[in-house]
Every structure is written in structure tokens, then in C-alpha cells.
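This report goes through one protein chain, part by part. Please keep the sequence and the 3D view open while reading.

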Amino acid sequence: MKITDIYNTQIAVGDPPLLNAAGLHAPYALRIIVEVITDVGIIGLSEIPGSEKIYNSLEELKPHLIGQDIFQLHTIKNLIQDEFGKQEDQRGVAPWDQRLLVHLFSAIEVACLDCIGKKLDRPVVDLLGGRSRDKVPFSAYLFYKYEGAGGELGFDMDSNAFGWLKARQEEALSPDQIVSQAKAMCEEFGFQSIKLKGGALHPDIECNSMLALREAFGPDVPLRLDPNAIWSLETAIKYGKKMEGILEYYEDPVRGQKKMGALSKEVNIPLATNMCTTSFEDIPSSIQFGSEHIILSDHHFWGGLRASMELNKICQTFGRGFSMHSNSHLGISMAAMTHLGAAVPHLDYALDTHYPWQVDEVIKGGKLQIEEGFVEVPKGPGLGVELDREQLQKLHTRFLECGLKERNDEVEMKKVNPDWKFDLQRW
Ligand code: GKR
Ligand code: MG
């Protein structure tokens, strides 16, 4: 089975005005849908974060990958490495990862695995070694936010919405509003653990929000807070001590492995990261500094599904817990995350997902269902999802019209507050 073509489609997905340490989400999150076309008529899908650099690189890759055997994933990876491996490739300081190579590996590998699964009539989870579980636990992911639905409505609300669709539009800037958001999200999706994106408001408010969530949900619902590395060590110790016994894990309160290692000696809460240990090259120093207890994988950033399986084994070897990080995404990514979550032998925590915040979809049949906080492995070969071409076209047209080319939360925040700036450390 050989690659005959690759189609890369940039899309813009409606996203509400969510706040984080780096600023504000734009009305649209950018994604790229990749289709790998084969000589036997099978098409493999994947979805990755959108940026001009990733899109242009995927386009440049095409002639190098056409003619390659889909099963030869090492050869394909080497070709990508040869083409783009020599460029400077930094994760960056923002909450999300901006490396190129890992995105390219992931985009092509996931689509190839989808083809292989379709060819063999087996789900992707079986290509990763088979199921360790049939359904995968996900966590509620709360955000401080301004009022607004995002997308075409921006900061306005759709007055006909109800339930979660209404709640996702409402302002959340206080502990009480965060509790209301959590209740609405958990009622709709049945999540059994809760994460709050921090680093956006004063730590007093964020810490009080965690205490209010504990009060509202009781001790059986695990809670996590993620300030995206923007707090000083002193602040993280001070508020960490107040949240001991409350948090299941404390995600990237401070920046870098050394500070995380220092914090872990002072505060009795497991530390998790998707910011300080983000590649295989970071593992030796992670062990040296004791920088985290839990690594949050993400197949988009760790170079694909098989690389994430390797990470899972490394986590087991070094006594690290394993869970999963997320960004704004649609159903193809959700399907891939679910296959991976079902395959990993070592899974201690419910996975992150932004999925409830996005109402758009590119897969046939609409959004994958989250029930009681779990997602079942999609049925059918490969990823088990099919592209809805009408939706793809609609979201692509929207991409062309919306004018956004890169994610830049600082720029979006400046539109609301011109004096705002993204500091590497605040509070
Ligand atoms: O969507 O604002 C966001 C998040 O802050 C995201 O960009 C992060 O990468 O969810 C992520 C995290 O856990 O740090
Ligand atoms: Mg995080």
C-alpha cells in the first residue's frame, strides 16, 4: 500500500474567549486535517494544531512521501527527519508546544496507522498492542473566561442555547462562576475528575476556586490546577500548601525542571507536566531533578501514537504516572487520543480534553459521545471515524475568511486590554 497523495486542509474551529497565562483564546482555534491517499483507495486521517509553518512544511513534505510504503513507518519518519530535522525547533514558552518536527511525525504517523487499520480491518488500538481498556476516562477541563460563545458570535451569546451549550458561553471569573461551569460540564458529560486552567487570575482567586470546587464536589472528585508555569516558586509553595490534600495533582505551577524539582520537595502534592518534560531528550534531567510525578503525553507533541506508547513504558520504568494533555481539538484528534488511552498499559489518571468547548465537528455523525466521563473506542477499522466533507469545506472557508494564521493568545488579549503583556513569571 503506497502513498499517492496527501491533502492538508487548514480549518478554523469556533472557540470561546477562554483565558490562560499567555492571554486569551481567539474566536477560532486553528487545526489542520491531513488525508493520506493510497494506491488501494484507502484514505488515512489525522488532525493537528494549525500554523502556517506546519501547513507549509506538510506541503513541502508531499513529494518526499509520495511512493512510500505506508507500513514503513521508520522510513517515513527518517524522511521527515532528514527534511526538517536540522532546523531550529523550540517548544517555546507559551502553554502550548510550538515544535515543528513532532507535529509532522504525528500528522503523518496517525494517518498511516489509520490506513493500516483500514487495510487490515483492525482498529488503531490493536496496532498499538491491543486494548488495556474498552473505554477511556476523560476529565472536565474548566477555564476562566469572558462572556461569549466564540466563533461568529465572539463575545456575544446565543440566547437560544441551554444546558452546557448555554453554560459554555457564560462569564467565569470568580470561584462561584467556576463551580457553576463545573456543574454544567459534569452534568452534561458525567466527568468524574476536574481540571482548572490557572495562571489567568490572581492566585488567591484560583486557589479559592479549587477550595470551592472541593466544597461543591466533595473528596471523591479528583481536582487539578494548571497555572502554566507562570507562578514564582514562592507563590507555588504558598498556595500549594493551602491545596495539600485537595489536589490530585499540581500541573506546571512553576517554569522548568529545576524549579519543579525544588517545589516537589516543599509541597506534598504530586506534580504533573506538559511544559518542563516534553521530549525523550528531557527524561534524563527529569530524573536528575525529580521534576514531576506525572507526565502528560500528547501524541501531537510526542511525535505520534507509537512514541506515546514508548513514553508510557518509560513512565512505568521511572515511576512516573501517565496522563494526557490537550488543546482545542475536534473528533479526529479525539479518536486518536481514545485509541491511545485504550492501549496504554499504564494509565493512572483521566485524560485532559478541550472537546466540550468546541461545537464544530469534521467527522460524520457529529461529535464522539462522552458518557459518564468516558469515551468508548470508536467502532470500525483504523481510527473508526470518517470525514464529513461538507463540514470540512465549511470550516476551511471559515479559515480563509477569519484572517487568523497563527495562534497568538497575547495578541487576542491586547485587543481587549492594550496594556496586557505575557510575562514569563507573574505572581
Ligand atoms: O487551551 O489555553 C489552552 C491551554 O492552556 C493549552 O494551550 C495548554 O497547552 O491545555 C494545555 C495545558 O495543559 O497546558
Ligand atoms: Mg498543562
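## Terms and source

A residue is called buried if 20 or more other C-beta atoms lie within 10 Å of its own, exposed if 12 or fewer do, and partly exposed in between, with C-beta atoms placed from the backbone. Helices (H or I, at least four residues) and strands (E, at least two) are DSSP runs, numbered from the N terminus.

The model is predicted: local features need pLDDT of at least 70 and side-chain atom pairs count only at pLDDT 80 or more, while totals for chains, interfaces and linings use all residues. Residues are numbered from 1 along each chain as its sequence is written, and chains are lettered from A and ligands numbered from 1 in the order in which they are written.

## Strand S10 and its surroundings

Strand S10 is mostly covered, with 5 of its 5 residues buried. Strand S9 (residues 223-226) runs parallel to S10, and 3 bridges join them; two strands pair if DSSP finds at least two bridges between them. Leucine 225 stands opposite tyrosine 250 in S10.

Aspartate 252 lies in the loop between S10 (247-251) and helix H9 (257-266). Its phi is near 40°, a positive value in a residue other than glycine. Aspartate 252 counts as buried because it has 28 C-beta neighbours inside 10 Å.

Aspartate 121 is not a glycine either, yet it has a positive phi of about 60°. It is found in the loop between H3 and helix H4 (124-127). Is aspartate 121 buried or exposed? It has 10 C-beta neighbours inside 10 Å, so it counts as exposed.

## An open sheet

An open sheet is formed by 3 strands in the order S1-S4-S5, with antiparallel pairing. Strand S1 (3-14) and strand S5 (43-49) stand at the edges and have a single partner strand each, so one side of each is left without a neighbour in the sheet. From one strand to the next, the twist averages 20°; axes are lines fitted to C-alpha atoms, for helices over the stretch in contact, and angles run from 0 to 180 degrees between N-to-C directions.

S1 and strand S4 (residues 28-38) are joined by 11 bridges. Aspartate 5 stands opposite isoleucine 37 in S4. Helix H3 (residues 101-120) packs on the sheet and touches S4 and S5, its direction making about 150° with that of S5. Two residues are in contact if their C-beta atoms, placed from the backbone, lie within 7 Å. Helix H13 (residues 389-402) lies across S1 and S4 and runs at about 65° to S1.

## Two domains

The chain is assigned domain 1 (3-123 + 388-401) and domain 2 (127-376); such bounds come from an automatic or database domain assignment. Taken over C-alpha atoms, the centres of the two domains are separated by 23 Å.

In domain 1, 39 residues are in contact with 44 residues of domain 2. H3 gives the most to the side of domain 1 that touches domain 2, with 9 residues. By class, this side has 24 nonpolar, 7 polar and 8 charged residues. Ala, Val, Leu, Ile, Met, Phe, Trp, Tyr, Cys and Pro count as nonpolar, Asp, Glu, Lys and Arg as charged, and the others, Gly among them, as polar.

## The ligand

Where does ligand 1 lie? Domain 1 and domain 2 both give residues to the shell around ligand 1, so it lies between them. Residues that surround ligand 1 include Trp96, Lys197, Asp226 and His325; a residue is near a molecule or strand if its C-beta atom, placed from the backbone, lies within 6 Å of it. The shell has 3 nonpolar, 7 polar and 2 charged residues.
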